[in-house]
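Subject: Handing over a structure

Dear colleague,

I am passing this structure on to you, together with some notes on what was found in it. Please have the sequence and the coordinates open beside you as you read.

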Amino acid sequence: MTEKLDIDHLRQWIGRSTEATDIVTAQLVKGLRATLFQEVGEPKKGDAAPFTVHWCLAQPVFPMSMLGPDGHPTRGGFLPPVPLPRRMWAGGEIEFLEPLRVGDESTRTSRIADVTVKSGSTGTLCFVAVEHTVTSPRGVAIRERQDIVYREITSGAPAGAKAPPPPPKAQHRETHVSDPVLLFRYSALTFNGHRIHYDRDYVTKVEGYPGLIFHGPLQAALIIEMAARLRAGKAPKKFTYRGLQPLFEGTEFSVNANETEAGMELWTANAEGQPTMKGTAVW
């Protein structure tokens, strides 16, 4: 039984902030390039890193004694102690101002912007919005809002669930396989201990999913890199995205893009072609 959610208590975390600093190393860039299906190469000082390398930098480090049963740090601290058991990256918005480069010392300043509660088809949902500013020696590199969702564990399809619409057609498409090694590599690069990405017994027997879950940030990273390739290597000024449904291990998935008057619509999709994450990019 999940303990009662006290929104007034959780909203006391709004305004809390933290700061962390890290170095963009050549080894990190090589590992991330490999995980994003890019040419690994031999990155040198001053070379641009993949656009979402900041998600690998200065991740919180806690002793094993401070980790909860899901592999995350125990609730509280910088993030509010939301008592709902399932935690997922729901989406967000990123402004790319300046690429991070090999050798950069990067500082991330983070602030809790909002905590809200909603009722959905799967029960109670608690959203925590976190704002980040990432700087390099050249100034502000990235501004970002991350939306984290906490929810209850439910079984079966939501009441009144509708059949999914026909998959959209894509002007640009690439396919990969959500191999468990790929998921492990990204967890390692981001120092992410969340067991839903690597512990099959936990994710199936405790959280009730059919298999390991593909990281939301990894889907977003692949989308952003595709968008940049289609614009001669230039990252979008703004990328807004949200998760739609989980993407699981062991299946083919695709990264897709359609040109629009304003920029691009982009999405990842499962083997059936149903979108798992959608985003829009503008330059």
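A residue to begin with is C126, which is buried because its relative accessible area is 0%, where buried stands for under 20% relative accessible area, exposed for over 50% and partly exposed for what lies in between, with a 1.4 Å probe and protein chains only. C126 belongs to strand β4, residues 123-136, and here helices (H or I, at least four residues) and strands (E, at least two) are DSSP runs, numbered from the N terminus. When neighbours within four places in sequence are set aside, C126 is in contact with L5, L10, V82, L84, V115, T116, V117, I148, V149 and Y150, contact being taken as heavy atoms within 4.5 Å. H176, by comparison, is 50 residues from C126 in sequence and 32 Å from it in space, C-alpha to C-alpha.

Before going further, please note that this is a predicted model, in which local features need pLDDT of at least 70 and side-chain atom pairs count only at pLDDT 80 or more, while totals for chains, interfaces and linings use all residues. Residues are numbered from 1 along each chain as its sequence is written, and side-chain values use heavy atoms, with hydrogens and water left out.

Strand β4 also holds T135, which is partly exposed, with a relative accessible area of 26%. Leaving aside neighbours within four places in sequence, the contacts of T135 are L100, E105, S106, T107, V140 and A141. T135 and T21 lie 114 residues apart in sequence, and their C-alpha atoms are 9.4 Å apart in space.

Turning to the strand pairing, two strands count as paired if DSSP finds at least two bridges between them. Strand β2 (residues 86-96) pairs with β5 in the antiparallel sense over 10 bridges, and F96 stands opposite I142 in β5. With strand β7 (residues 238-243), β2 pairs in the antiparallel sense over five bridges, and there I94 faces F239 in β7.

Which residues are closest to the centre of the second largest pocket? This pocket has a volume of about 330 Å³, and of the 20 residues that line it, F51, P99, G233, K234 and A235 are the closest to its centre. A pocket is found on a 1 Å grid over the protein atoms alone, as an open set of points where a 1.4 Å probe fits, with protein on both sides within 12 Å along at least five of seven lines, and lining residues have an atom within 4 Å of a point. Both β5 (139-151) and α5 (216-229) supply at least two residues of the lining, and the largest share, three residues, comes from α5. The lining divides into 12 nonpolar, two polar and six charged residues.

Some single residues also deserve a note. A58, in the loop between α2 (26-35) and β2, has a phi near 50°, a positive value in a residue other than glycine, and A58 counts as buried because its relative accessibility is 14%. A232, in the loop between α5 and β7, likewise has a positive phi, of about 55°, although it is not a glycine, but A232 counts as exposed, at 80% relative accessibility.

D70 is found in the loop between α2 and β2 and counts as buried at 6% relative accessibility. Not counting residues up to four places away in sequence, D70 touches R75, P85, G193, H194, R195, Y202 and E207. T35, in helix α2, is buried too, at 2% relative accessibility, and beyond its neighbours within four places in sequence T35 is in contact with L182, R185, Y186, L189 and L218.

With best wishes

Note on methods. Grid points are joined across faces, edges and corners, and a volume is the space filled by probe spheres set on the points. Ala, Val, Leu, Ile, Met, Phe, Trp, Tyr, Cys and Pro count as nonpolar, Asp, Glu, Lys and Arg as charged, and the others, Gly among them, as polar.
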